[in-house]
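Dear colleague,

Please find below the sequence and structure that I am handing over to you. My notes on what was found follow directly after.

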Amino acid sequence: MSYQQYGISPQLVERIKLKMKNRVLKDRVKQQIEGVTKADLQNKAKVRHLVKSTSAILNERLTAAQEEQLTAFVLAQKIDPSNTFHLIKLWGMFR
């Protein structure tokens with residue numbers, strides 16, 4: 001499933017990918033999501049909080065619509081952080 005189907009712009013994804021190459025930002029984001037469970041990633045309020053806090057770390061100003069699109073995308077993926085296949089699938093989506 002493509003992030004573009006959720007209205008997420010490729011330009012936003014490219015900016016975030018570029019910022020994630022910065023080691024300091026990458027480590028801060030890793031700390032932010034450390035300990036996140038499958039249940040957390042299916043809880044709309046928790047996902048929205050993660051989106052907002054991660055965008056603040058990356059200094060990306062998101063509109064309310066963009067936050068909603070990203071939240072909907074994460075919820076639809078049914079991500080299990082302990083399942084390697086799910087993580088590989090996500091990695092491939094954003095290569």
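Glu60 counts as buried because its relative accessibility is 9%; buried means under 20% relative accessible area, exposed means over 50%, and partly exposed lies in between, computed with a 1.4 Å probe on protein chains only. This is a predicted model, in which local features need pLDDT of at least 70 and side-chain atom pairs count only at pLDDT 80 or more, while totals for chains, interfaces and linings use all residues. Residues are numbered from 1 along each chain as its sequence is written, and side-chain values use heavy atoms, with hydrogens and water left out.

Glu60 sits in the loop between helix 3 (44-57) and helix 4 (64-77). Helices here are DSSP runs of H or I with at least four residues, numbered from the N terminus. The side chain of Glu60 forms a polar contact of 2.8 Å with the side chain of Lys19. A polar contact is a pair of N or O atoms within 3.5 Å; within protein, one must be able to donate a hydrogen and the other to accept it, and residues adjacent in sequence count only if both atoms are side-chain atoms. Setting aside residues up to four places away in sequence, Glu60 touches Leu12, Arg15, Ile16, Lys19 and Ser55, where contact means heavy atoms within 4.5 Å.

The loop between helix 3 and helix 4 also holds Asn59. Asn59 counts as exposed, because its relative accessibility is 59%. Most residues other than glycine have a negative phi. Asn59, which is not a glycine, has a positive phi of about 55°. Gly7, in the segment before helix 1, counts as partly exposed at 43% relative accessibility. Gly7 and Asn59 are 52 residues apart in sequence, and their C-alpha atoms are 20 Å apart in space.

Lys78, in the loop between helix 4 and helix 5, is another residue other than glycine with a positive phi, near 50°. With a relative accessible area of 51%, Lys78 is exposed. Lys78 touches Gln42 and His86, not counting residues up to four places away in sequence. Between Lys78 and Ala39 the separation is 39 residues in sequence and 9.3 Å in space, C-alpha to C-alpha.

Apart from its neighbours within four places in sequence, Val74 is in contact with Leu41, Gln42, Val47 and Ile79.

Two helix pairs deserve a description. How do helix 2 and helix 3 pack, and at what angle? Helix 2 (residues 23-33) meets helix 3 at about 160°, with the axes 10 Å apart; axes are lines fitted to C-alpha atoms over the stretch in contact, and angles run from 0 to 180 degrees between N-to-C directions. The two helices are therefore roughly antiparallel to each other: angles under 35 degrees count as roughly parallel, over 145 as roughly antiparallel, 65 to 115 as roughly perpendicular and the rest as oblique. Their crossing is right-handed, a term used if the near helix is turned clockwise from the far one by less than a right angle. Leu25, Arg28, Val29, Gln32 and Ile33 in helix 2 face His49, Leu50, Ser53, Thr54 and Ile57 in helix 3 across the contact. Of these, Thr54 is buried, with a relative accessible area of 18%, and it touches Val29 and Gln32 when residues up to four places away in sequence are not counted.

At the start of helix 2, a side-chain oxygen of Asn22 comes to within 3.0 Å of the backbone nitrogen of Val24. Just after helix 2, Gly35 has a positive phi of about 85°.

The axes of helix 3 and helix 4 come within 9 Å and cross at roughly 125°, which makes helix 3 oblique to helix 4. This crossing is right-handed. Lys44, Val47, Arg48, Val51 and Lys52 of helix 3 make the contact with Glu67, Glu68, Leu70, Thr71, Val74 and Leu75 of helix 4.

With kind regards
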